Amino acid sequence: MIGGGVFGLASALELARRGHEVVVVDRLGPGHPATSSTGVSRSIRVAYGEPFYAALARDALERWRALEASAGVRILHLTGQIDLGWDPALTAILDAVTSAGGTIERRTNARLREAFPELETGAGDGLFHRDAGTVLADAGLRALQAGAVAAGVRLLAPVRVIGIETDGRAVVTAGDHTVEAGAVVIAAGPWSGELLQMVGLRLPLAPALAQVTFLNAPSMVSRPGIAEWPEPGEAGVYGHPVPGVGYKIAFDAGSEEWSPDVEEWHADPAEERRILSWLARRAPEVPRRVAYSQRHPW
């Protein structure tokens, strides 16, 4: 397994449970600030415009609940989600969630404000569903790592993979280590393109940087998540509550300035100002005290 983020560790744990001997190699180490699986929280929702993704999200919620039970830690903070914006996107979400067996409803602006009183009165009607909110990502990542190690998974980190051979048995060269295996799973986030080229696969992957802003707003921890779906060609916005902090907001977009060798990304003050400006229009009563902003790849 190349990659020790949430996908790599979850896959390693599942493979170990199925009786496989698993070695995980990670360039920087699980949860490193320069990786995709860094940070305290992630949004989770079943509101997707494709039935496959809606069903996948419902399954993910059940698997997070199972991990919570086995690890004895809290990972999910579910407060629901409000979806606003471009009507064709909302209609597709409504149809897809219903098709996947989920529950979602159209609500007037007045009813949406019952769940999110800070929402601007002219924000328009939208959707609401309860199977959404926040994954406490750092807790989830630690639980996956602990479970994988307990299941016998060996972790090599921080170690950079410098070669993959697949002639017969797979051979992975990582630093001073050589790992032979029946198969290699690549779950390396933005580094996947370079690694896939080692085995002759060239895919049009476009790693990007995303920025998220955490608000010092404890009163918002019980509020639902929010997503504003844009018209084609525009950037959307999402947000969700973060226990212990307040609320997180971000543009659902990124810039393609990622570099594989950078180990620390600095927040862009201009983007922070833009997201706060959006918040002032959409939910003017939400406290706009910034705890911190964070930039990382996806």
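Guide: Some ground rules. This is a predicted model, in which local features need pLDDT of at least 70 and side-chain atom pairs count only at pLDDT 80 or more, while totals for chains, interfaces and linings use all residues. Residues are numbered from 1 along each chain as its sequence is written, and side-chain values use heavy atoms, with hydrogens and water left out.

Visitor: What is the strand order in the open sheet of eight strands?

Guide: Definitions come before the order. Strands (E, at least two residues) and helices (H or I, at least four) are DSSP runs, numbered from the N terminus. Two strands pair if DSSP finds at least two bridges between them. Here the order is β5-β6-β4-β13-β14-β15-β12-β16, and the pairing is mixed. β5 (105-107) and β16 (290-297) stand at the edges with a single partner strand each, so one side of each has no neighbour in the sheet. From one strand to the next, the twist averages 20 degrees. Angles are taken between N-to-C directions and run from 0 to 180 degrees; axes are lines fitted to C-alpha atoms, for helices over the stretch in contact.

Visitor: Over how many bridges do β12 and β15 pair?

Guide: Five, in the antiparallel sense, between β12 (209-216) and β15 (246-252). N216 stands opposite G246 in β15.

Visitor: Which strands does helix α3 touch?

Guide: Contact means heavy atoms within 4.5 Å. α3 (87-99) packs on the sheet and touches β4 (81-85), β5, β6 (126-129) and β13 (225-229). Its direction makes about 140 degrees with that of β4. Helix α7 (269-282) also packs on the sheet, touching β4, β12, β13, β14 (236-242), β15 and β16. The direction of α7 makes about 110 degrees with that of β15.

Visitor: Which residues of α3 are buried?

Guide: An α-helix has 3.6 residues a turn, so residues three or four places apart point the same way. Buried means under 20% relative accessible area, exposed over 50%, and partly exposed in between (1.4 Å probe, protein chains only). In α3 the buried residues are A89, L90, I93, L94, A96 and V97. They pack against α2 (51-71), β4, β5, β6 and β13. Just after α3, G101 takes a positive phi of about 90 degrees.

Visitor: What is the order in the open sheet of three strands?

Guide: β2-β7-β3, with antiparallel pairing. β2 (42-44) and β3 (76-78) are the edges, each with a single partner strand, so one side of each is left without a neighbour in the sheet. β2 and β7 (133-135) pair over three bridges. R42 has V135 as its bridge partner in β7. α2 lies across β2, β3 and β7, running at about 130 degrees to β3.

Visitor: At what angle do the axes of α2 and α5 cross?

Guide: Two packed helices are described by the angle between their axes and the distance between the axes. The axes of α2 and α5 (137-150) cross at roughly 65 degrees and come within 10 Å. That makes α2 roughly perpendicular to α5. The cut-offs: under 35 degrees is roughly parallel, over 145 roughly antiparallel, 65 to 115 roughly perpendicular, and the rest oblique. W64, L67 and A71 of α2 make the contact with G140, A143 and L144 of α5.

Visitor: Where does I186 lie?

Guide: In the loop between β11 (177-181) and α6 (192-197). I186 counts as partly exposed, at 24% relative accessibility. Leaving out residues up to four places away in sequence, I186 touches I2, I164, S192, L195 and L196.
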